[in-house]
Amino acid sequence: MNTMNWYALLDVGGTSIKRQIVDAKGNISGKAISMPSLADRDAESIIRNIATIIMGNEAEKPKAVAMAFPGPFDYKKGISHMYGLGKYDSLYGKQIRPMLQKIIGNIPIVFMNDVDAFANGAALVFQEAGKGRCLAIAIGTGCGSAFMEAGKILKNRSGLPENGWIYNQSFKCKCIDDYISARGQSELSKKYFKKDIPGKELDDLAAADNEQALALFEEFGENLFAALLPFLEEFQPDTLILGGMISRSFRFFGNRIREYTGQKHINVIVTEDTSSLIHMGLFQLIRGEINAG
């Protein structure tokens, strides 16, 4: 790849940041790299870490950078509004673009909601996701969502939550993000095992028919179904696509969702490669910026 003409695409999660580099045609250069996000650190440490990940081992700076962040976030201005969600608290209210440009140089940096990028990438890869109505859900550090129709993200449709974000909608005595997330899984781990067990280990235990792990995932699945049901009923999607690190255990917690979607004839797509779809969605964004420029 011509190092004078490359673009950095970053999937910025609460646990890790995954970077892919491409040329102006979207050709991928090498494997994506994944680095810790340091999302619980001070603002300067987080920004320096992101800048380091953007550059990687490249001698030349990228022509532009596209970054997928979870919400709440002002994507036009590049200002994070996340607080109390267990990630990036120290960036609250700060303008991320000039902070990064101070380190890597005055290059274009654009931002996009991570699940919007995920949904856009899915619409390119999965024919069903790009047709009719599609609800995309990414379950990881939090519960991200995007509503899409005919391949277009819906932001302000009547009957849908603002921006298409369900994470902050009331659920039980808290909100959806408190249950359908890594910390929701963590609370269930403490309930069933009296300690916090990592998700991968819980998955392994369930695969070995551990009764507590199977019961944990069953309860998680009941919570997921109850949380999504109002939106499934209101939006009536043709396709439901699930991603994020916790969706890798869908085979253990997806029974209620499978039962409902089967009755309603809703296509269900579960993907483990969420970041590659996010990177594809980010390239669509940056290509639009290139063409506009």
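Contact here means heavy atoms within 4.5 Å. This is a predicted model, where local features need pLDDT of at least 70, side-chain atom pairs count only at pLDDT 80 or more, and totals for chains, interfaces and linings use all residues. Residues are numbered from 1 along each chain as its sequence is written, and side-chain values use heavy atoms, with hydrogens and water left out.

**View 1. T274 and its contacts.**
Leaving aside residues up to four places away in sequence, T274 touches F118, G243 and G244. T274 sits in helix α10 (residues 274-292); helices (H or I, at least four residues) and strands (E, at least two) are DSSP runs, numbered from the N terminus. With a relative accessible area of 10%, T274 counts as buried. The cut-offs: buried is under 20% relative accessible area, exposed is over 50%, and partly exposed is in between (1.4 Å probe, protein chains only).

A nonpolar core is a set of buried Ala, Val, Leu, Ile, Met, Phe, Trp, Tyr and Cys residues joined through side-chain atoms within 4.5 Å. The largest one has 38 residues, and the members touching the most others are I137, F147, I166, I176 and I180. Helix α7 (residues 211-235) gives the largest share of this core, 11 residues. Have a look at I166: not counting residues up to four places away in sequence, I166 touches I137, C143, S145, F147, P161, I176, L228 and F231. There is also a second, separate core of 32 residues, and I21, Y75, I96 and I107 are among its members.

**View 2. Strand β1 and its two partners.**
Strand β1 (residues 7-12) is mostly covered, with 6 of its 6 residues buried. Y7, L9 and D11 point one way, while A8, L10 and V12 point the other way, and all are buried. Two strands pair if DSSP finds at least two bridges between them. On that basis β1 pairs with strand β2 (residues 16-22) in the antiparallel sense, over 6 bridges, and the two form a hairpin with 3 residues between them. In this pairing V12 stands opposite I17 of β2. Strand β4 (residues 64-69) runs parallel to β1, joined to it by 5 bridges, and here L9 stands opposite A66.

Start with the cis peptide bond between G71 and P72, where omega is about 0°. P72 belongs to the loop between β4 and β5 (73-74). N163 isn't a glycine, yet it has a positive phi of about 65°. You'll find N163 in the loop between β10 (152-154) and β11 (170-171), partly exposed at a relative accessible area of 24%. D209, also not a glycine, has a positive phi near 65°. D209 is in the loop between α6 (199-207) and α7, and is exposed, with a relative accessible area of 58%.

L124, V125 and M280 make a nonpolar surface patch of about 240 Å². V125 is part of helix α3 (residues 114-125) and is partly exposed, with a relative accessible area of 43%. Patches are made of residues with over 30% relative accessible area and no salt bridge; like charges are joined within 9 Å, nonpolar side chains (Val, Leu, Ile, Met, Phe, Trp, Tyr) within 5 Å. A salt bridge is a side-chain nitrogen of Lys or Arg within 4 Å of a carboxyl oxygen of Asp or Glu. Areas come from the Shrake-Rupley method with a 1.4 Å probe, and for residues only the protein chains shown count as cover.
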